[in-house]
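Thanks for coming. I will go through one structure, starting with the overall layout and ending with a few single residues.

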Amino acid sequence: MSEEDKAEAKSEAEAESRESGVEVEKTQIFALKTTSGQEVNVANMISNRAAANKAPIYAVLVSGTLKGYIFVEAAGPHFIDDIVSGAKHVRQRLPGLIKISELERYLITKPVIEELEVDDTVEVVGGPLKGMKAKITKVDKIKNEVTLELLEASITMPITVGGDYVRRLEKGRRGK
Amino acid sequence: MKERACVKCHLIVYGNICPNCKESSLSDDFTGVLIILDPEKSEIGKKMGITRAGRYALKVR
């Protein structure tokens, strides 16, 4: 099949899909393996190079929880390969496509407080009490606050902190 | 200047006012970065309801 025939067949297929109402998938999402801790730097580099070369790269996602991987949305895999060739901290592009439904867990972040319950053991992740372990005595979902009882303190006194400043370590008796 | 994220629209900015929603409520405590280069074509951008290209934080505290 000559190049002209191929182009003709492609345009016919596109016209057919338009007529049938089936949407042609234009963007593809790929996973890139990077050096751990360098995800944001790699994402910035890709966006800068894509903007400079006017490459069809539409979005770059760096999840806060997934170490060593970033996701790139582009028109095709070769555009990503061109952009990252010779780049520092980029290990490889993983074969296969990533579905957008698989990325939902990284995009839609559920508030931490939704999962917290009284008697849960938590660790304070911010503020002056950072690193201390505590037990939840009260959960106020409306105000997004939790009242804690520090486990490491000699005197037990209730402390109220924001729901985002705790991380659950262990489920309490009620949650089990 | 340190980069901070707008609490309302999650846009990562360097100044004191978010150019997107003109608010000054910015936070330096954020995780995850989403760079949208073409909001019209990006499926991720559409999913997040982003209409303007830029760098966005996924979670802002």
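Chain A has four helices and nine strands. Reading from the N terminus, the order of elements in chain A is α-β-α-β-β-α-β-α-β-β-β-β-β. Please keep in mind that this is a predicted model.

Some totals for the chain. Chain A has 176 residues, and 34% of them count as buried. Its accessible surface is about 11,100 Å², with 49% of that belonging to carbon and sulfur atoms. If we take the contacts in chain A between residues at least 6 apart in sequence, 56% of them join residues at least 24 apart.

Which residues have the most contacts inside the largest nonpolar core? They are A:Leu32, A:Ile46, A:Ile57, A:Val60, A:Ile70, A:Val72 and A:Ile80, in a core of 26 residues. Both chains supply elements that give two or more residues to this core: from chain A, β1 (28-34), α2 (39-53), β2 (57-62), β3 (69-74) and α3 (77-84), and from chain B, β4 (30-36) and β5 (54-60). The most comes from α2(A), which gives five residues. Another core lies apart from this one; it has 19 residues, including A:Leu61, A:Phe71, B:Val13 and B:Ile50.

Next, a helix: α3(A). Its buried residues include A:Ile80, A:Ile83 and A:Val84. Why are they on the same side of α3(A)? Because they cover an arc of only 85° around the axis. As for what covers the buried residues of α3(A), the list includes β1, α2, β2, β3 and β4 (90-93) of chain A. After α3(A) comes A:Gly86, which has a positive phi, near 80°.

B:Ser27 is in strand β3, residues 26-27, of chain B. Is B:Ser27 buried or exposed? B:Ser27 is buried, because its relative accessible area is 9%, and the cut-off for buried is under 20%. A polar atom of the B:Ser27 side chain lies 3.1 Å from the backbone nitrogen of B:Asp29. Not counting residues up to four places away in sequence, B:Ser27 touches B:Arg4, B:Ala5, B:Val7, B:Val60 and B:Arg61.

B:Asp28 sits in the loop between β3 and β4 of chain B. With a relative accessible area of 46%, B:Asp28 is partly exposed. B:Asp28 touches B:Lys2, B:Glu3 and B:Arg4, again not counting residues up to four places away in sequence. B:Lys2 is 26 residues from B:Asp28 along the chain, and their C-alpha atoms are separated by 7.9 Å.

That is the end of the tour. I will take questions now.

Methods
Residues are numbered from 1 along each chain as its sequence is written. Chains are lettered from A and ligands numbered from 1 in the order in which they are written. This is a predicted model: local features need pLDDT of at least 70, side-chain atom pairs count only at pLDDT 80 or more; totals for chains, interfaces and linings use all residues. Side-chain values use heavy atoms; hydrogens and water are left out. Buried means under 20% relative accessible area, exposed over 50%, partly exposed in between (1.4 Å probe, protein chains only). Contact means heavy atoms within 4.5 Å. Accessible areas come from the Shrake-Rupley method with a 1.4 Å probe; for residues, only the protein chains shown count as cover. A polar contact is a pair of N or O atoms within 3.5 Å; within protein, one must be able to donate a hydrogen and the other to accept it, and residues adjacent in sequence count only if both atoms are side-chain atoms. A nonpolar core is a set of buried Ala, Val, Leu, Ile, Met, Phe, Trp, Tyr and Cys residues joined through side-chain atoms within 4.5 Å. The arc is that of the directions from the helix axis to the C-beta atoms.
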